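Here's a quick tour of a protein fold, topic by topic. Have a look at the picture first, then read on.

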Amino acid sequence: GGRTWSAALANGVVVERGGEWIDADQHSIRRLCAELELPLAPHGVRFHRRRVAGDVPTLAYLERTVAAVAEQIPQEDTNVDAAFLAGIGEGYGGDPTYLRLATSIAGDPRTASAHFNVARAAAARLDAAARVVGGNQRIATALAAALGDRVRLTTPVTGVAVGDGHAILATERESLEVDRAVIAVPLSLVEDLAWDPGFPQTWQEGRTGMATGTAAKLSVPTTNRARPDGVQHPAHAWWAWNSLEPAGDAGVRAVSCFAGGPAARDALEVVDGPGAWLRHLTALRPDLDLVDGEA
């Protein structure tokens, strides 16, 4: 899920401002990359079992934790915080499994579905995520190149009309009549579209209770090539990783960070720029020589 958006730092290292991780069991996107002849390189970083306070949790520990929490989820579901409290007790907020989930949720663990998110945590046994060499955005640009001038950039759709076996997409420049339309927009933009004959009731019901997550990413060049590692902050919902270079000889000269949820964004003061986050990153990853001015 999510967009692809690759960018180069000042030192030439390509980082991802959008979707980053192609998991080992995500067969469709891996098959697509093979068809487009886009090589994949391993991150060399554990996504699920991140280093916390100097230690990497074992797979056995993670599986025991997930099993203990899953046993406490009632059939009608509950939230992530309630499930972890019931499963492992009062100190759950510092548990590596909980911290990883709370970061990835990019929302409020007090309202997020325990059924959905705890099931996702069970994927740790296959922890071999990859990325496209040269940036994941190459997937989108390769698909667009194959479609030629049928791809209309900077042409937002303003309305969708459905009827008589077809759909009509309205833009400021033209109307497009198509057999089928896939509307792929953030939830926050759905209400900006004009719907004729109205937004389908089944969709309205499906959207009830859904919330858009909020996340932030930070990428910083480094002067050294540290061993690839993924480190989770021990108290807040953010983590930092430096990946393996495609040749597999050393780490890239860059570090990336992901903060999930409004509480993490507030703690890192991201609305004021990268300054506070850089200070926290320096403390979390003293093995990296950051080039602060090029973050």
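Strand E5 and strand E6 (residues 166-171) run antiparallel and are joined by six bridges. Keep in mind that this is a predicted model: local features need pLDDT of at least 70, side-chain atom pairs count only at pLDDT 80 or more, and totals for chains, interfaces and linings use all residues. Residues are numbered from 1 along each chain as its sequence is written, and side-chain values use heavy atoms, with hydrogens and water left out. The names come from DSSP runs numbered from the N terminus, where helices (H or I) have at least four residues and strands (E) at least two.

**How the strands line up**

- In E6, Ile168 is the residue standing opposite Ala161.
- E5 and E6 make a hairpin with two residues between them, and Asp164 in the turn has a positive phi of about 55 degrees.
- Next along, E6 and E7 are antiparallel too, with four bridges joining them.
- Ile168 turns up again here, standing opposite Glu177 in E7.
- E6 and E7 also form a hairpin, this one with three residues between them.
- On to E8: three bridges tie it to E5 (residues 157-163), and these two strands run parallel.
- Val160 has Trp195 in E8 as its bridge partner.
- Put together, the four strands make an open sheet in the order E7-E6-E5-E8, with mixed pairing (two strands pair if DSSP finds at least two bridges between them).
- Which strands sit at the edges? They are E7 (175-178) and E8 (194-196), each pairing on one side only.
- From one strand to the next, the twist averages 15 degrees.

**Where H2 meets H3**

- The axes of helix H2 (residues 59-70) and helix H3 (residues 80-88) come within 7 Å and cross at roughly 110 degrees. Axes here are lines fitted to C-alpha atoms, for helices over the stretch in contact, and angles run from 0 to 180 degrees between N-to-C directions.
- H2 and H3 are therefore roughly perpendicular to each other (under 35 degrees counts as roughly parallel, over 145 as roughly antiparallel, 65 to 115 as roughly perpendicular and the rest as oblique).
- H2 brings Thr65, Ala68 and Val69 to the contact, while H3 brings Ala83, Phe84, Gly87 and Ile88 (contact means heavy atoms within 4.5 Å).
- Sorted by class, the contact of H2 with H3 has five nonpolar residues, two polar and no charged ones. For the classes, Ala, Val, Leu, Ile, Met, Phe, Trp, Tyr, Cys and Pro count as nonpolar, Asp, Glu, Lys and Arg as charged, and the others, Gly among them, as polar.

**H4 and its neighbours**

- Helix H4 (residues 96-105) and helix H5 (residues 114-121) have axes that come within 10 Å and cross at roughly 120 degrees.
- Arg100, Leu101 and Ile105 of H4 touch Asn117, Val118, Arg120 and Ala121 of H5.
- The contact of H4 with H5 is made up of four nonpolar residues, one polar and two charged.
- How many of the 10 residues of H4 are buried? Nine are, leaving H4 mostly covered (buried means under 20% relative accessible area, exposed over 50% and partly exposed in between, with a 1.4 Å probe and protein chains only).
- The buried residues include Pro96, Tyr98 and Leu99.
- Those buried residues pack against H2, H3, H5, strand E10 (229-232), strand E11 (238-242) and strand E12 (254-260).

- As background, most residues other than glycine have a negative phi, and most peptide bonds are trans.
- Ala106, in the loop between H4 and H5, has a positive phi near 55 degrees.
- Is Ala106 buried or exposed? With 8% relative accessibility, Ala106 counts as buried.
- Thr154 has a positive phi as well, near 45 degrees, and is found in the loop between helix H6 (137-147) and E5.
- Thr154 counts as exposed because its relative accessibility is 69%.
- Asp196 and Pro197 are joined by a cis peptide bond, with omega about 20 degrees.
- Pro197 belongs to the loop between E8 and helix H8 (201-207).
- Gly163 and Pro197 are 34 residues apart along the chain, with 8.2 Å between their C-alpha atoms.
- Gly163 itself lies in strand E5 and is partly exposed, at a relative accessible area of 28%.
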